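Subject: Structure for your review

Dear colleague,

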Amino acid sequence: RNALVSPCEITIGITTYMDRFETCLKPLLRRITMLFPAARIIVTGNGHYREAEQKIYLAELENYCRRFPNVELKGYMKPQGLSSLWNYVMNHAKHPGVLILNDDLVVSHDFSLFIMNSGILDSGIATINNSWSHFYIKDSLFRQVGSFDENMTEIGGEDDDYLARLSIMNIEPDNFITSSVGRKSSTRGGREGRNSYGRIMSEELG
């Protein structure tokens, strides 16, 4: 089977923001749409503290996403916590399985084969390479455990909170190891590595 033509029917959510449009989102979205032509792909473009630039970015992001027939965009003017972005994807997924990805990933041509053949699609919830930068979750488990906590503002704590809630329910996530996906070596973005709230990420606790 050609690794570039996957029949895998899942929803894929990609979270992104302005400072990673050129360096991260564009190459990732090109690769993911090629590898998963049958998937529904939801891009969440987070808001940004630089509002004038954000308006321009959202227009460019919308034009770019229109190139791909299976991509939908949810753009924000104001910064949102990561939990909110994840919840949007889960609440608008139309498949029983959802793969959520950060934008700062490098994906190889056999990533779709890993998703189809590794057994991850049988899991209720599973991380990839022990990281919540890329994880799979079934809608049924999401409904059972509940939404990601939107009181977790900005970025950080969403995964620990969900792990604790899973543990209370005696649910242990699976984990799958693959060399077909990994983090980019440097993805701090521009302007001293500031996040969408304008805070310097290297100075943020946790």
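The axes of helix H1 (residues 21–35) and helix H2 (residues 51–65) come within 12 Å and cross at roughly 20°; axes here are lines fitted to C-alpha atoms, for helices over the stretch in contact, with angles running from 0 to 180 degrees between N-to-C directions. That angle makes H1 roughly parallel to H2, a term for angles under 35 degrees. The crossing of H1 past H2 is right-handed, meaning that the near helix is turned clockwise from the far one by less than a right angle.

Phe21, Leu25, Lys26, Leu29 and Arg30 in H1 meet Tyr57, Glu60, Leu61, Tyr64 and Cys65 in H2, where contact means heavy atoms within 4.5 Å. By class, this contact has 7 nonpolar, no polar and 3 charged residues. Ala, Val, Leu, Ile, Met, Phe, Trp, Tyr, Cys and Pro count as nonpolar, Asp, Glu, Lys and Arg as charged, and the others, Gly among them, as polar.

Please note that this is a predicted model, in which local features need pLDDT of at least 70 and side-chain atom pairs count only at pLDDT 80 or more, while totals for chains, interfaces and linings use all residues. Residues are numbered from 1 along each chain as its sequence is written, and side-chain values use heavy atoms, with hydrogens and water left out.

As to the whole protein, there are 6 helices and 9 strands, taken as DSSP runs (helices H or I, at least four residues; strands E, at least two) and numbered from the N terminus. Of the 206 residues, 50% are buried, that is, under 20% relative accessible area with a 1.4 Å probe, protein chains only. Among contacts with a separation of 6 or more, 76% are between residues 24 or more positions apart.

Two individual residues may also be of interest. Thr16 lies in strand E1 (residues 11–16) and counts as buried, because its relative accessibility is 3%. Leaving aside residues up to four places away in sequence, Thr16 touches Leu25, Val43, Thr44, Gly45, Asn46, Tyr57 and Asp103. Leu25 and Tyr57 are also among the residues through which H1 and H2 meet.

Met90 is found in helix H3 (residues 82–92) and is buried at 1% relative accessibility. With residues up to four places away again excluded, Met90 touches Val98, Ile100, Ile137, Lys138, Asp139, Phe142, Arg143 and Phe148.

Yours sincerely

Methods
Parallel < 35°, antiparallel > 145°, perpendicular 65-115°, else oblique.
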